[in-house]
Amino acid sequence: MWRRTYWVFRRDFIAYFHSPAAYVTMVGFLFLNGLVLNFEIGPGRAGGDVDIALRLLFANYFFWVLMLAVPPLMTMRLLAEERRSGTADLLMTAPVRTGEVVLGKYAAAFLFTAFVWSLLLIDVALLAVRLPAGAEMDWGKIAAIYAGILGLEAFFTAVGLWASAFSRNQVVAAVLALSIAMLIFLVGTYHELFSDEPYEQLLYGFVSVISHFVRDFAVGVVDLRYLALYAIGTAIALSMTVWTFEARKWR
Amino acid sequence: MAIRRFLTWCCGATNVLLIVYGALVTGAILYHHPVRFDLTAKALRTLSDDTKTCLAGLKEPVRVIVTFGEADPAKRLVAGRVFQEAQDFLREYTLASPKIEVIDVINVYQRQEAWQQARERFNLTDANRVTFIAGARQQDVRLEDMASVKYGRPGSPPLLESMHVERAFTAALRRLQGAPCKAYLLANDGIQGQTGPDPANAGPGGLSAFVAELRANNYDVGILDLAREGKVPADCEVLLAAGLIGPLPAEIPAVEAYLEAGGKLFLAINPQYSPRGLEFLEDWGVAVLPAWIVMEHQLAGTKIQTEHALATELNELHPIMRKFEKDRFRMQVTYARPLGGAKGLHGESVPIAGVKAGNIWGERKAGTADRPWVCDANDYPSAPDGLSVARVLETESESGAVARIAVFGTWTFLGNERLHEFDHASVLHNTLWWLIGREEQAGVRDPEVVVRNISFDPEGKVRRTLAWAMLALVPGCGVLAGVVILFVRRK
């Protein structure tokens with residue numbers, strides 16, 4: 001099983017590096033984050049304080065735009081393109097299970113998303129070398145932030161793959177994935193905007209991805225409950241992708 | 001075909017339902033059993049033992065309200081940073097104890113109505129503080145309590161140096177609980193005047209921070225002129241003698257009478273200046289050995305720099321020390337004399353502090369400007385296993401009253417300059433808790449959060465370099481990589 005999954009993964013992962021869209025995404029991503037970091041680290045909001053600058057870098061509007069937008073961009077092509085070009089039929093009849101196809105494509109998309117996010121470490125390293133003597137970058141805090149980013153991106157990537165299984169059109173798949181991710185994102189902000197009920201505050205606070213980052217990951221704490229929440233979401237989205245793709249086989 | 005399609009659909013739906021069900025059960029279990037990992041370099045988000053003990057001892061629910069808002073733009077940055085840190089720590093407190101509840105966080109400029117309501121409801125006088133409320137009692141923690149801020153010229157922005165939010169919160173919680181402990185600080189001959197270890201002296205060597213630290217931790221500190229009063233007040237729970245150079249002959253009987261009645265004495269003595277104090281100690285079984293651990297250059301003939309001064313590791317034989325982990329505890333003294341074992345009259349003493357010769361000293365007596373004066377155990381044949389800088393005694397008088405004494409062979413660690421360095425404040429608190437019989441409170445204090453700022457040069461060259469690298473160089477590398485790969489692929 002793993003061998004076939006690996007071949008699907010390999011094919012899709014390499015395809016990313018041959019696509020101009022991936023480089024445009026990466027360069028745009030780095031430029032936007034460089035812009036944010038320059039703004040935050042300066043005499044403006046963070047006043048040169050590295051901890052605050054990092055916190056703002058990993059929890060500002062651009063950050064959330066990228067968190068929501070990168071996975072749909074990476075996944076929109078995966079299954080929709082197979083169906084549009086007709087290669088989905090070949091996949092269906094090939095000696096490979098639907099689960100293996102989905103898992104291989106998911107792993108490729110997730111790893112490439114992780115690679116895109118890892119590029120941000122270049123900016124963090126640039127900050128680290130500019131710290132005054134005696135002060136060191138708290139890499140543990142960076143590790144916690146990355147644990148959060150990878151956990152949430154794993155979830156959004158699975159959602160993106162599910163959306164890609166719905167449509168032949170890549171743009172429709174991307175918009176659908178973005179809408180679902182946006183819905184998940186907004187559910188968490190509901191309690192801050194509308195609710196004063198304690199139990200609602202508790203419930204929506206628990207599923208609020210912004211709170212997860214601002215209160216825990218960005219301060220260097222990894223709460224396994226949130227990672228489990230993302231893992232659960234990922235498992236549900238992937239199983240639904242398999243179900244959706246499988247259902248098309250019989251049409 | 002239709003049946004097969006339907007069966008496949010049912011199978012897929014069942015799979016999804018099973019996964020959703022399993023996920024919900026797992027989620028519910030995890031929600032009630034949170035597991036958190038603090039990945040920060042110095043475990044800054046892990047509450048200290050001290051705080052955990054304090055939280056475990058909470059008898060009633062404590063509500064917390066945070067009010068902040070700074071009109072002065074120059075100070076807004078610092079206030080924002082400190083109150084963000086305060087909220088982060090409150091989250092850890094609420095997760096650690098169900099008795100802590102944060103009822104509101106109010107930015108007074110954005111939520112003026114809520115601020116007015118909170119003012120009336122909780123009788124708040126001013127914003128920019130964290131208020132802990134238990135029943136009718138409440139304790140405020142101000143910005144100055146949570147952070148060390150350096151104020152420059154009027155109009156220039158203040159500089160945030162470090163934060164000790166957890167220390168301030170735990171002290172407030174401790175103040176909130178129970179009746180304060182009555183402590184008397186010995187004055188008159190027990191102090192060295194306005195330039196020395198005097199509670200009124202706010203200079204580097206003064207004890208104003210020592211008194212403030214005690215008051216912040218639920219001690220009701222009174223100043224006692226024993227030569228004039230003639231006896232220790234009956235409500236004294238612990239008698240403090242820090243930087244003792246006396247005592248006067250008239251004071252010794254009063255202290256001894258207090259101890260005979262089961263008193264508790266905290267004594268930080270500078271043996272160089274207090275020969276009478278040493279005689280008093282010998283009567284109570286603490287022998288001060290003839291050699292110095294560390295001497296100032298006038299005495300030793302070698303120069304010792306403060307930053308290179310003795311750093312001791314204390315062993316864990318006593319309740320005062322037992323909460324310390326070896327790698328977390330450090331103490332710095334510039335001036336200490338080894339305190340020998342107690343014998344005879346007043347019971348056994350327990351060594352609580354040891355200077356492991358091999359751990360600290362590199363070479364013997366190699367005092368240079370860049371290397372401290374050194375010694376080894378051979379210099380002190382009477383203490384081959386380490387030299388104590390402090391001792392404690394517990395004695396039972398004929399009336400059955402149990403007196404406790406803790407003696408430190410230095411007082412410099414209590415001075416304004418050093419009290420909040422290393423683990424000095426922890427040593428002080430743990431010692432006092434042991435003296436007053438609350439050793440279960442002994443713990444380790446939180447580390448300070450040191451603020452790390454990028455050092456920008458005045459001309460802004462560093463900032464420009466960073467800007468170029470982040471905005472052009474790094475994305476440019478991405479463009480280059482893309483062009484190269486596409487070119488190779490096309491070829």
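**Exercise 1. Find how many residues of chain B are in contact with chain A, and how much area the two chains bury between them.**

Step one: with contact taken as heavy atoms within 4.5 Å, 53 residues of chain B are in contact with 61 residues of chain A. This is a predicted model, in which local features need pLDDT of at least 70 and side-chain atom pairs count only at pLDDT 80 or more, whereas totals for chains, interfaces and linings use all residues. Residues are numbered from 1 along each chain as its sequence is written, chains are lettered from A in the order in which they are written, and side-chain values use heavy atoms, with hydrogens and water left out.

Step two: the chains bury about 5,200 Å² between them, 66% of it on carbon and sulfur atoms, where buried area is the accessible area (1.4 Å probe) that two parts lose on being put together, summed over both.

**Exercise 2. Describe the salt bridges across the interface of chain B and chain A.**

Step one: the rule, a side-chain nitrogen of Lys or Arg within 4 Å of a carboxyl oxygen of Asp or Glu, finds three salt bridges across this interface.

Step two: D216(A) forms a salt bridge with R36(B), and their closest N and O atoms are 2.8 Å apart.

**Exercise 3. State how β1(B) pairs with strand β1 of chain A.**

Step one: strands are DSSP runs (E, at least two residues), numbered from the N terminus, and two strands pair if DSSP finds at least two bridges between them.

Step two: β1 of chain A, residues 221–223, pairs with β1(B) in the antiparallel sense over three bridges, and R36(B) is the bridge partner of D223(A).

Conventions. Helix = DSSP H or I, 4+ residues; strand = E, 2+ residues; numbered from the N terminus.
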